[in-house]
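The sequence and the structure come first.

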Amino acid sequence: MKIIAYFLSVIFYLFFGLTLVVFQGIQWICLKFGYQAHKKSVDVFNFFLLACLKFLGNYVSFDNPYQFTKDRPHLIIANHQSMFDIPPLIWYLQKLHPKFISKKELGQGIPGISFNLKHGGSVLIDRNDSEQALKAISQFCEYLNETKNSAVIFPEGTRTKTGLPKEFSRNGLRTLFKSCPEAVVVPVSINNSWLMQKWGMFPLGIFVNLKFKVHKPLKIEDFESHEMLIDKIENQITSAINHPKQKS
């Protein structure tokens, strides 16, 4: 199986890399026509990134029975299993205009992706500079309240390498809830994504069904305390995560 994975990973990276380079140029052109044009290019960009998964025999199942409106910001909160968690969230929740809180290192050096992070409305923070990070997040919340766009948050901080959920870091969530009191929280459980990187970045895992499940949206204003809300979110997300030894 691993020998096949090496062969398919070479093909995947060829088309994945080509997609990154091509959409670097497409985004640059679209940005000159404004936010909406650039946003459409990012949506299509992530559609093609998802299409590249088929070279590995992988595919995405995205279970979302809910409808969303753009009358208030949304906070998309999910567990984090691999770098491949991101394209499905952007593509399938594109109506919410998802943005990211990312470490500043991702703002350069990655064709297509770095450009979007710098120019698409996301925020780049320095994890070693708490003052800069808090100021950037505060400005980001003002942007969300004004535009009614959404933010994607992975409260575990770093991805799990085993599929087992990590304990949520609460400080960032408290800050977002306090700064975006009218936001709707959208909890998402991610399963099997970690299998794509079980051997690292090369070879990648093959014949994987990446599963995303959107849970019932929650209004921050409906909870007496932020701690109760965080408990509810963490329970919703982790209760739907498969144990790695289980077949999916």
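## Basis and strand pairing

Two strands count as paired if DSSP finds at least two bridges between them. Strands themselves are DSSP runs of E with at least two residues, helices are runs of H or I with at least four residues, and both are numbered from the N terminus. The model is a predicted one, in which local features need pLDDT of at least 70 and side-chain atom pairs count only at pLDDT 80 or more, while totals for chains, interfaces and linings use all residues. Residues are numbered from 1 along each chain as its sequence is written, and side-chain values use heavy atoms, with hydrogens and water left out.

Strand 1 pairs with strand 7 (residues 209-214) in the parallel sense, over 5 bridges. Within this pairing, Val 60 has Leu 210 in strand 7 as its bridge partner. Val 60 and Phe 62 make up the covered face of strand 1, and Tyr 59, Ser 61 and Asp 63 the uncovered one.

## Overall dimensions

The chain contains 7 helices and 8 strands. Its radius of gyration, taken over C-alpha atoms, is 18 Å, close to the 18 Å that the globule rule gives for 248 residues, so the chain is as compact as a globular protein of that length. The globule rule is 2.2 Å times the number of residues to the power 0.38. Along its principal axes the C-alpha trace spans about 55 × 45 × 40 Å.

Buried residues (under 20% relative accessible area; exposed means over 50%, partly exposed in between, with a 1.4 Å probe and protein chains only) account for 46% of the 248 residues. The chain exposes about 12600 Å², of which carbon and sulfur atoms supply 58%; accessible areas come from the Shrake-Rupley method with a 1.4 Å probe, and for residues only the protein chains shown count as cover. Among contacts (heavy atoms within 4.5 Å) between residues at least 6 apart in sequence, 75% join residues at least 24 apart.

## Helix 2

Helix 2 covers residues 35-52, and its end C-alpha atoms lie 26 Å apart. At 1.5 Å a residue, its 18 residues should span 26 Å, which agrees; the expected span is 1.5 Å times one less than the number of residues.

The buried residues of helix 2 are His 38, Lys 39, Ser 41, Val 42, Asp 43, Phe 45, Asn 46, Leu 49, Leu 50 and Cys 52. Their cover includes helix 1 (2-31), strand 1 (59-63), helix 3 (86-92) and helix 4 (113-119).

## Nonpolar cores

A nonpolar core is a set of buried Ala, Val, Leu, Ile, Met, Phe, Trp, Tyr and Cys residues joined through side-chain atoms within 4.5 Å. The largest has 36 residues, and those with the most contacts inside it are Phe 12, Ile 76, Leu 89, Val 188 and Phe 212. At least two residues of this core come from each of helix 1, helix 2, strand 1, strand 2 (74-78), helix 3, strand 6 (184-191) and strand 7. Helix 1 gives the most, with 6 residues. A second, separate core of 26 residues includes Ile 77, Ile 125, Cys 180 and Ile 220.

Leaving aside neighbours within four places in sequence, the contacts of Phe 212 include Val 60 and Phe 62, as well as Phe 84, Pro 88, Leu 89, Val 188 and Ile 190.

## Loop between strand 6 and strand 7

Pro 203 lies in this loop, and a cis peptide bond with omega of about -5° joins Phe 202 to Pro 203. Most residues other than glycine have a negative phi, and most peptide bonds are trans. Asn 192 counts as buried, at 6% relative accessibility.

Trp 199 also lies between strand 6 and strand 7 and is partly exposed, with a relative accessible area of 28%. Not counting residues up to four places away in sequence, Trp 199 touches Lys 2, Ala 5, Leu 204 and Gly 205.

## Other loops

Lys 148 lies in the loop between helix 5 (130-147) and strand 5 (150-153). Its phi is near 65°, a positive value in a residue other than glycine, and Lys 148 is partly exposed, with a relative accessible area of 23%. Glu 224, in the loop between strand 8 (218-219) and helix 7 (226-239), counts as exposed at 77% relative accessibility.
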